[in-house]
Amino acid sequence: MTTATPELLTVPEVMARLRLGRSTVYDLIRSRRLISITVGRSRRIPADALRDFINREIEETA
């Protein structure tokens, strides 16, 4: 049995994956460094957007 990664992540899931605080994640969203969408009243981050963000950060530090 395989566990699929959800397509859309919650802010707490992104916080846990990046080991960052809530305000830092929202700052990344506000500054458009991390792409997000709004579903109803909830903020969601596409899993691809999180991977892209991580890859960009790695490239910038290399």
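Reply: Three salt bridges turn up when the whole structure is searched. The model is predicted. Take the pairs in turn.

Start in helix H2. Arg30 pairs with Asp27 in a salt bridge, and their closest N and O atoms are 2.7 Å apart. Both residues belong to H2, three residues apart, about one turn of the helix. Arg30 is exposed, at 58% relative accessible area. Asp27 is partly exposed, at 42%.

Helix H3 holds a pair of this kind too. Arg51 forms a salt bridge with Asp48, with 2.3 Å between the closest N and O atoms. Arg51 and Asp48 are three residues apart in H3, so about one helical turn separates them. Arg51 has a relative accessibility of 43% and counts as partly exposed. Asp48 is partly exposed as well, at 47%.

The remaining bridge joins Glu57 and Arg33, whose side chains meet at 2.6 Å, N to O. This pair links distant parts of the chain. Glu57 sits in helix H3, while Arg33 lies in the loop between H2 and S2, 24 residues apart. Glu57 is partly exposed, with 23% relative accessibility. The cut-off for buried is under 20%, so a value of 23% falls in the partly exposed class. Arg33 is partly exposed at 37%.

Now the setting. H2 (residues 22–30) packs against helix H1 (residues 11–18) at an angle of about 105°, with the axes 9 Å apart. The two helices are therefore roughly perpendicular. From H1, Val11, Val14 and Met15 meet Arg22, Val25 and Tyr26 of H2. The residues of this contact are five nonpolar, no polar and one charged.

H3 lies across S1 and S3, running at about 60° to S3. The sheet is open, with three strands in the order S1-S3-S2 and antiparallel pairing. Its edge strands are S1 (8–10) and S2 (37–39), each pairing on one side only. From one strand to the next, the twist averages 50°. S1 pairs with S3 (residues 42–46) in the antiparallel sense, over three bridges. Within the sheet, Leu9 stands opposite Ile45 in S3.

To recap: the Arg30–Asp27 pair lies within H2, the Arg51–Asp48 pair lies within H3, and the Glu57–Arg33 pair links H3 to the loop between H2 and S2.

Notes:
Residues numbered from 1 in each chain as written. Predicted model: local features only at pLDDT ≥ 70, side-chain atom pairs only at ≥ 80, totals over all residues. Heavy atoms only, no water. Axes fitted to C-alpha atoms, helices over the stretch in contact; angles between N-to-C directions. Helix = DSSP H or I, 4+ residues; strand = E, 2+ residues; numbered from the N terminus. Parallel < 35°, antiparallel > 145°, perpendicular 65-115°, else oblique. Contact = heavy atoms within 4.5 Å. Nonpolar A, V, L, I, M, F, W, Y, C, P; charged D, E, K, R; others polar. Pairing = 2+ DSSP bridges. Salt bridge = Lys/Arg side-chain N within 4 Å of Asp/Glu carboxyl O. Buried < 20%, exposed > 50% of the residue type's maximum accessible area, 1.4 Å probe, protein only.
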